[in-house]
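Subject: Structure for your review

Dear colleague,

Please find the structure below, together with its sequence. I would be grateful if you could read the notes that follow with the model open beside them.

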Amino acid sequence: MGRTLIPDARSPLPVMTDPLRVAVVGAGPAGFYACEHLLAEAPGAVEVSLIDRLPTPFGLVRSGVAPDHQSIKGVTRVYDRIAADPRVTFHGNVEHGRDLRHDDLLAYFHAVIYCVGCRSFRHLGIPGEALPGRASAGDFVGWYNAHPDQRTRRFDLSGERAVVVGVGNVALDVARMLLTPAEVLATTDMADHALAALAQSNIREVTLLGLRGPAQVAFTLPELKEFAARDDIDIVIDPQDMKEDATLGPDASRGREQVVALLNELAVRPERGCDRRLVIRFMVSPVAFTGDDRVREVEVAHTELQHNADGVVVARPTGSREMLPADLVLTAIGYRGSALPGVPFDPIRGVIPNDRGRVIDPVSGKARPREYVAGWIKRGPSGVIGTNKPDAYETVDALLHDMQVHPPDPVLGGDVFARLLQERCGDVVSYAGWERINAAEIARGESAGRPRDKFSDIDDMIEVAEA
Ligand code: NAP
C-alpha cells in the first residue's frame with residue numbers, strides 16, 4: 001500500500017494520491033473542526049477516523065454547556081454535517097489507553113491529532129479540600145449534564161449556603177443551576193438524577209469568591225447579564241469592593257469595561273427580597289476548608305491588588321482573614337488536561353507540549369513526526385466553542401504541510417483498523433448508532449416538553465445504539 005506522489009501545478013510540493021489516513025482522537029468541537037478542515041484542505045484523498053471514549057460525540061457541547069443554554073448546543077448541526085461526509089468514520093466507545101495504544105494509531109494512520117480536552121480539574125492544594133461537601137465544579141457540571149463519569153456522584157444540597165471558588169463562566173453556570181427553581185430546570189435536558197436532587201435542594205444563597213478584583217473577573221458579559229436579568233434572584237456586591245478595583249488599564253477590552261459597569265450597577269441596585277441570592281465577593285483567597293465530618297466554613301485571606309513585574313494584576317494577602325459559612329463548596333478554578341499513555345505531557349501546564357499543534361518531544365525539543373494536538377489539550381482550558389475552530393485549523397494546516405514536505409511511510413489503513421477495533425472492543429458505536437441514541441433521548445424528553453432526556457449509563461446507550 002504505497003503512496004504515489006505527483007507534482008501539483010499550483011504547488012512545488014508533490015500531492016499524495018492515496019488516501020491520507022488521519023486518526024482524530026476526541027469528538028468534541030476541536031475534533032470536529034479538525035475533521036472539517038482536513039476534508040476541505042487535504043490536497044488529495046483523505047480518510048478520517050474520529051474516535052471517542054464515549055458512545056456519544058460532542059464533548060463539552062453535550063456534557064459542559066449548561067442545560068438552560070440549549071441554543072448554544074445548536075452547533076451540533078454543523079458537526080452532524082461533518083460526520084455525514086463519507087470520508088469520516090466515527091468510532092464511539094473506544095478509549096485511548098484501554099482499547100488502543102498510541103503505537104497502534106501510528107501503525108494504522110499517517111497522522112494522529114489528539115483533541116481529548118481536559119478531563120480533570122485544578123486543585124487549590126489547601127487544607128480541608130478532601131472534606132465531604134467540597135467538590136470540583138467540573139464534577140458538578142458533569143453530574144447535572146449526565147456524563148457517565150459523574151452519574152453516581154452525590155452532592156449534599158441539604159444546607160442553605162453554597163460557596164463557589166472562582167469567578168469564571170463555569171462558576172456562573174453552577175451558581176445558576178443551584179439557584180434556578182426545579183420547575184424551570186425540569187424543562188431542560190438536565191440529567192434526571194440531578195433534577196431529582198435539585199428539586200429537594202435547600203440551597204438559597206451562592207457566594208462566588210474572586211481572588212482578584214471586579215476588573216479581573218473571568219466571566220463574560222452575556223453570562224453576567226443573564227443573571228442580572230433574573231427577577232427571582234438578588235445579586236449582592238459590596239460597593240466597597242468596587243471602589244478598591246484595580247484600574248482597567250488602557251488596553252481593557254470593551255467587553256471588560258461593560259462587565260465592570262454592570263457590576264457597578266448591581267452593587268448599588270437595591271435588594272428586592274428574593275428568596276435566592278447570588279453574592280459576589282472580590283479580593284478573597286481561600287486558605288482552608290474547615291469542618292469536622294464535612295465542610296462547614298471557608299477561611300479566606302483578604303487580598304490587595306498589585307501589578308507584578310510583567311504588568312499583570314496579582315493578589316497579595318493583606319494579613320486579615322475571615323470565616324465564611326458554607327454547606328457546599330464547589331471549586332471552579334479551571335479544568336486540567338490528563339496525560340495519555342505514550343504521549344508527551346507537560347505536568348505544569350496540564351497540556352501536551354506542542355508548537356502550533358505539532359507535538360514536541362520534551363527531551364529533544366523537536367516536533368514528533370505524525371503527532372498533533374488541537375483544542376484544550378493543546379492550548380489549555382480557555383475560550384468558547386468557536387475558539388476551537390481556528391485552533392484546530394492551525395493544527396491541520398501544520399499537518400498537511402508536514403505530510404507534503406515529508407510524505408510518511410505506508411500504513412495499515414482504515415479497513416484493517418476497523419477490524420482491529422472489532423476484535424479489541426466489541427461494542428464500537430458508529431455515527432448511525434449515536435443517531436439512534438439521539439433519537440431515543442429526544443423521544444424520551446418529548447412527552448415532558450424537554451429537548452431530550454439523556455442516558456447517563458454507557459450500557460443503556462450501547463443497547464439503544466445496537467438496537
Ligand atoms: P476560567 O475562565 O479560567 O476561570 C477560572 C477562575 O478561577 C478565575 O476567576 C480565576 O481567577 C479563578 N482561580 C484560579 N485559581 C484560583 C485560586 N488559586 N484561587 C481562587 N481563584 C482562582 O475557567 P472556567 O470558568 O473553568 O472556564 C473555562 C473556559 O470555558 C473559559 O474559557 C470559559 O469562558 C469557558 N466557558 C464558557 C461558557 C459560556 O460561554 N457560557 C460556560 C462555561 C465555560 P484569576 O483569574 O484571578 O486567577
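The notes below cover the domains, the strands and the ligand site.

This is a predicted model, in which local features need pLDDT of at least 70 and side-chain atom pairs count only at pLDDT 80 or more, whereas totals for chains, interfaces and linings use all residues. Residues are numbered from 1 along each chain as its sequence is written, and side-chain values use heavy atoms, with hydrogens and water left out.

Domains

The chain is assigned to domain 1 (5-119 + 336-429) and domain 2 (123-333); these bounds come from an automatic or database domain assignment. Taken over C-alpha atoms, the centres of domain 1 and domain 2 are separated by 34 Å. Between them, 13 residues of domain 1 are in contact with 14 residues of domain 2, where contact means heavy atoms within 4.5 Å.

Strands and sheets

Helices (H or I, at least four residues) and strands (E, at least two) are DSSP runs, numbered from the N terminus. Two strands are taken to pair if DSSP finds at least two bridges between them.

Ala23 has Ser49 in S4 as its bridge partner.

Strand S12 (residues 277-281) pairs in the parallel sense with strand S10 (residues 205-209) over five bridges, and Leu209 stands opposite Arg281 there. S12 also runs parallel to strand S11 (residues 234-237), with four bridges joining the two; in this pair Val236 faces Val279.

Strands S13, S14 and S15 are linked by antiparallel pairing. Strand S13 (residues 284-290) and strand S14 (residues 297-307) share six bridges, with Phe289 opposite Val298. They form a hairpin with six residues between them, and Gly291 in the turn has a positive phi of about 155 degrees. S14 is then joined to strand S15 (residues 313-325) by 10 bridges, with Val300 opposite Glu322. This second hairpin has five residues between its strands, and Gly311 in the turn has a positive phi of about 85 degrees.

Ligand site

There are 22 residues around the ligand, of which Val167, Asn169, Arg212, Glu223 and Gly383 come nearest; a residue is counted if one of its heavy atoms lies within 4 Å of the ligand. This shell divides into 12 nonpolar, six polar and four charged residues. For that division, Ala, Val, Leu, Ile, Met, Phe, Trp, Tyr, Cys and Pro count as nonpolar, Asp, Glu, Lys and Arg as charged, and the others, Gly among them, as polar. Domain 1 and domain 2 each supply at least three residues to the shell. Helix H6 (residues 169-179) gives the most, with three residues.

Polar contacts (pairs of N or O atoms within 3.5 Å) were also examined. A polar side-chain atom of Arg212 lies 2.7 Å from an oxygen atom of the ligand. Taken alone, the ligand exposes 910 Å², and the protein buries 78% of that; accessible areas come from the Shrake-Rupley method with a 1.4 Å probe.

Yours sincerely

Definitions and conventions
Polar contact = N/O pair within 3.5 Å; in protein donor to acceptor, adjacent residues only side chain to side chain.
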